[in-house]
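Please find below some notes for a colleague who is meeting this structure for the first time.

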Amino acid sequence: MTLQVTTDEGKKLTQAIEDYLKAIYKLQQDEERVTTSAIAERMEVSPASVTSMVKRLAEMNLLTHAPYHGVELTPAGVRIALEVIRHHRLIELYLANTLGFGWDAVDAEAEKLEHVISEEFEAKISEVL
């Protein structure tokens, strides 16, 4: 199961797509346009893998790509990245505050769960917190 978030065209998102969008969003906080090598380093994948995914994300209108000038998320890409980040942060808080997980363990658990919670579950966590 993936997030209930879809592209504007209604295409379903994979965990890999969500992870790329989240990574690019975070990298964009430092640089307006993000290089594929920076993405590869952040994601710990090969530059060829990044190039392939960047093409796919551009086709989905989730980012713009100018060869040798990097990538930039579109508003749709930003929206999805922020939704994934929101899920991650809510899960971290829930695990720590409600379930008693140590802060050293919550990031890894949230990384796994951020992709599978429904919008209803997100709302309930938010309400409880």
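Leaving aside its neighbours within four places in sequence, which residues is Ile-17 in contact with?

1. The model is predicted, so local features are taken only at pLDDT of at least 70 and side-chain atom pairs only at pLDDT 80 or more, while totals for chains, interfaces and linings use all residues. Residues are numbered from 1 along each chain as its sequence is written, and side-chain values use heavy atoms, with hydrogens and water left out.

2. To take up the opening question, Ile-17 is in contact (heavy atoms within 4.5 Å) with Met-53, Arg-56, Leu-57, Met-60 and Leu-62, once its neighbours within four places in sequence are set aside. Ile-17 is also one of the residues that touch the most other members of the largest nonpolar core, which has 24 residues; Leu-21, Ile-24, Ile-39, Leu-57 and Leu-62 are the others. The elements giving two or more residues to this core are α1 (15-28), α2 (36-43), α3 (47-59), β2 (70-73) and α4 (75-98), and α1 gives the most, with 6 residues. Apart from this core lies another, of 8 residues, among them Leu-90, Leu-95, Ala-96 and Ile-125. A nonpolar core here is a set of buried Ala, Val, Leu, Ile, Met, Phe, Trp, Tyr and Cys residues joined through side-chain atoms within 4.5 Å; buried means under 20% relative accessible area, exposed over 50%, and partly exposed in between, with a 1.4 Å probe and protein chains only. Helices (H or I, at least four residues) and strands (E, at least two) are DSSP runs, numbered from the N terminus.

3. After α3 comes Asn-61, whose phi is positive, near 60 degrees.

4. Strand β1 (residues 63-66) runs antiparallel to β2, and 4 bridges join them; two strands count as paired if DSSP finds at least two bridges between them. His-65 has Val-71 in β2 as its bridge partner. The two strands form a hairpin with 3 residues between them, and Tyr-68 in the turn has a positive phi of about 70 degrees.

5. The count of salt bridges (a side-chain nitrogen of Lys or Arg within 4 Å of a carboxyl oxygen of Asp or Glu) comes to 5. In one of them, the side chains of Glu-111 and Lys-22 meet at 3.0 Å, N to O; because Glu-111 lies in helix α5 (residues 103-113) and Lys-22 in helix α1, the pair ties together parts that are 89 residues apart in sequence. Glu-111 is partly exposed at 28% relative accessibility, whereas Lys-22 is buried at 6%.

6. Another salt bridge joins the side chains of Arg-86 and Glu-122 (2.3 Å, N to O). Arg-86 lies in helix α4 and Glu-122 in helix α6 (residues 119-128), so this pair links parts that are 36 residues apart in sequence. Arg-86 is partly exposed, with a relative accessible area of 37%, but Glu-122 is buried, at 6%.
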